Amino acid sequence: QSVAAAGGLATTCPYCGVGCGVRVDTRKLTVSGDVQHPANGGRLCVKGSALGETLGLDGRLLRPQRRVAESGPERWQALAWDDALSEIATRFARTIARHGPESVAFYVSGQLLTEDYYVANKLMKGYLGSANIDTNSRLCMSSAVAGHKRAFGEDLVPGCYEDFELADLVVLVGSNTAWCHPVLYQRIVAEKERRPELRVVVVDPRRTPTCDIADLHLPLAPGSDVPLFNGLLAWLATHGAADRDFIAAHTRDADAALAAAAETAGDLDALAVSCGLQRDRLETFFNLFAATDKVVTLFSQGVNQSGQGTDKVNAIINCHLYTGRIGKPGMGPFSMTGQPNAMGGREVGGLSNTLAAHLELGDPRQRALVQRFWNSPTVAETPGPKAVDLFEAVHDGRIKALWIMATNPVVSLPDADRVREALRRCDFVVVSDVVASTDTAQLAHLLLPALSWGEKDGTVTNSERVISRQRAFRAAPGEARPDWWALAEVGRRLGHEQAFDYAGPQQIFDEHARLSAFENGGERVFNLAGLAGMSDSEYDALAPIRWPVPAPGIGSERLFGDGRFPTEDGRAMFVPVTPVAPAHPLSEQFPFILNTGRIRDQWHTMTRTGVAPTLGAHLPEPYVDLHAADVLACGLREGGLARVTSRWGTLVARVRCSGEMRRGQVFVPIHWNDQFASDARVGALVNPVVDPVSGEPEFKHTPVRVDEF
Ligand code: SF4
């Protein structure tokens, strides 16, 4: 952690959803925390501090390339941008002419800037005529999006980071905050040091480093979040914790949610058994929650990445609605997103079932509004496939031309060997990336060199709705270009010169801001009217601001403080939820539950953090973490190699006994891939089960076995 004085160029860290502001000394290429940024106030974690180590050009993709052979040194041939872009336009147009607009797709990323994301969505949904665009953010927070929409009517995070410092109880659910969102964790640590009476409860099957500050750790059985929060709701009802005035004035369907909760929660003894928890711990948690007004409940991938992720989100929100603890300082449910711009992607309709500016693809009036604003030939009417289904459509030949941007699905998606096979079968695969040799890039027909952090220019939005500028401070290397430019050039080559006539990211942001305000009489909360019409220099100088921004200089701290929600009748919805067992139960052949996640010092598939020596020192190789008794029972030894096998695939990793694991559960990090170690892609093992509402994959519950290698 470093706290630095202001100075140097202000930009934003490109890693996690905390979205810290950084200052770059552009001469020495060193990085420090931005004391003026609301997310971090000068703090940085080790990943942010090591950004300077990632700026080299080793392994960079520097010019467009076409694959001309299956292997060997002559495999790739450079080509001019003009030829590459014309080829993409021709191949996409020809595929659409022969097979219809559903035969082409984009797969994009929370690493894209909002401006890139906006142009990709506009091109696909408004001009190619399909909603076949999905994003790796589907893997990260789409359950939170779906849960927010069901409860609030719009995908909205009600609070801000300051609420963690104003709360008297912080509940961290399915989140190793200490490693995955370190600066937010540091803020909670600092507040707990200042005010020891602040209580912290961690709900996680693993005893992670986040538990170092926990007053109470609930190591619940994987998949038992719905019973836990249904049990809490029933407890709140019987222990006088309901905010009856708030429920009556501002919500709907509380009784239905309560009935479902009471039916499934059972008594405390039965609930403790079904959650795998000690009864007294459960009771302590429930009493603490019931008795504390200022409660913030953070939830992250442990909740979202589940076959029942959306229900889990709503089970948590139900408890906050029932107590009226939402939209007020120090209170509220809080979705922590994984990626730096997962929120920005949501704003521009990055998911295959949404439209730009928080508008709904399924609503004919809202589709018509977007079409009027874009003056586009069409707006896709049918939601496109969600990430896992999108690659399934590639596998079975329904999607024949695919453009992948800033992501590595051959490593990160579930059943990743099938994804690799899908790309092998696809007629035409374009990959835009900064790195030349990712597992996914190897399967491209055309490679396009993208700009990296420090070279690209635009905006991102973090988990607390703060829009920040990412600023360029280095010249584009080789022939690398912005993603928005490549997309716009293809749009222009398809005959839509005017719609994609952008001079730079400021123009794109302006269009995005104007769309958010277009025919918006206040029924949509997402509104950037106050950021529309900025000049180039105002955009350049834009200071971090939390949306909605209804007028210039007016940001918004919290939402729903007045008890009004953007639903038809202005009321929030309770959602009745009942537990659903994981799709694939354990068996004699596969007796362990595989849980996957991040480690402290790596990011995604290591294309950037993997080149920073400082970051490699923490946990230098892929590992499988087990309980010590399971290590013995499996005939393994700590430090030896193990093979982990599921119905879908296999990997080899070093055996680790961190002391975090319960018996019967194993943890493998998500980061390693064939660039850094062989047989180390955990995605190859993960079951391709998805949440039926959000389409988010189940990364936390795959049956596996572990053998000596
Ligand atoms: Fe970057 Fe996240 Fe670390 Fe902040 S907490 S410096 S955004 S990785």
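**Exercise 1. Which residues of helix α7 are buried, and what do they pack against?**

Solution. This is a predicted model.
Step 1. The buried residues of α7 are Pro 182, Val 183, Leu 184, Tyr 185, Arg 187 and Ile 188. To count as buried, a residue needs 20 or more other C-beta atoms within 10 Å of its own.

**Exercise 2. What should helix α7 span, and what does it span?**

Solution. 
Step 1. Helix α7 covers residues 182-194, which is 13 residues.

**Exercise 3. Which residues come nearest to the ligand, and which elements and domains supply its shell?**

Solution. 
Step 1. There are 14 residues around the ligand. Cys 13, Cys 16, Cys 20, Cys 45 and Gly 48 come nearest.
Step 2. Two elements give two or more residues to this shell: α1 (46-49) and α7.
Step 3. Sort the shell by type. It holds nine nonpolar residues, four polar and one charged.
Step 4. Assign the domains. Domain 1 (9-54) and domain 3 (141-338) each give at least three residues to the shell.

**Exercise 4. How do domain 3 and domain 4 meet?**

Solution. 
Step 1. The assignment puts domain 3 at 141-338 and domain 4 at 592-708.
Step 2. Their C-alpha centres lie 27 Å apart.
Step 3. Count the contact. It takes 23 residues from domain 3 and 24 residues from domain 4.
Step 4. Name the elements on the domain 3 side. Those that give two or more residues are α4 (138-152), α6 (177-180), α13 (301-304) and α14 (309-322). Helix α4 gives the most, with four residues.
Step 5. Sort that side by type. It has seven nonpolar residues, 14 polar and two charged.

**Exercise 5. Which radius of gyration would a compact globule have, and which does the protein have?**

Solution. 
Step 1. With 709 residues, a compact globule would have a radius near 27 Å.
Step 2. The protein has 24 Å, which agrees.
Step 3. The C-alpha trace spans about 70 × 65 × 55 Å along its principal axes.
Step 4. Of the 709 residues, 60% count as buried.

Terms used
Residues are numbered from 1 along each chain as its sequence is written. This is a predicted model: local features need pLDDT of at least 70, side-chain atom pairs count only at pLDDT 80 or more; totals for chains, interfaces and linings use all residues. Domain bounds come from an automatic or database domain assignment. Two residues are in contact if their C-beta atoms, placed from the backbone, lie within 7 Å. Ala, Val, Leu, Ile, Met, Phe, Trp, Tyr, Cys and Pro count as nonpolar, Asp, Glu, Lys and Arg as charged, and the others, Gly among them, as polar. The expected span of a helix is 1.5 Å times one less than its number of residues. A residue is buried if 20 or more other C-beta atoms lie within 10 Å of its own, exposed if 12 or fewer, and partly exposed in between; C-beta atoms are placed from the backbone. A residue is near a molecule or strand if its C-beta atom, placed from the backbone, lies within 6 Å of it. The radius of gyration is taken over C-alpha atoms; the globule rule is 2.2 Å times the number of residues to the power 0.38.
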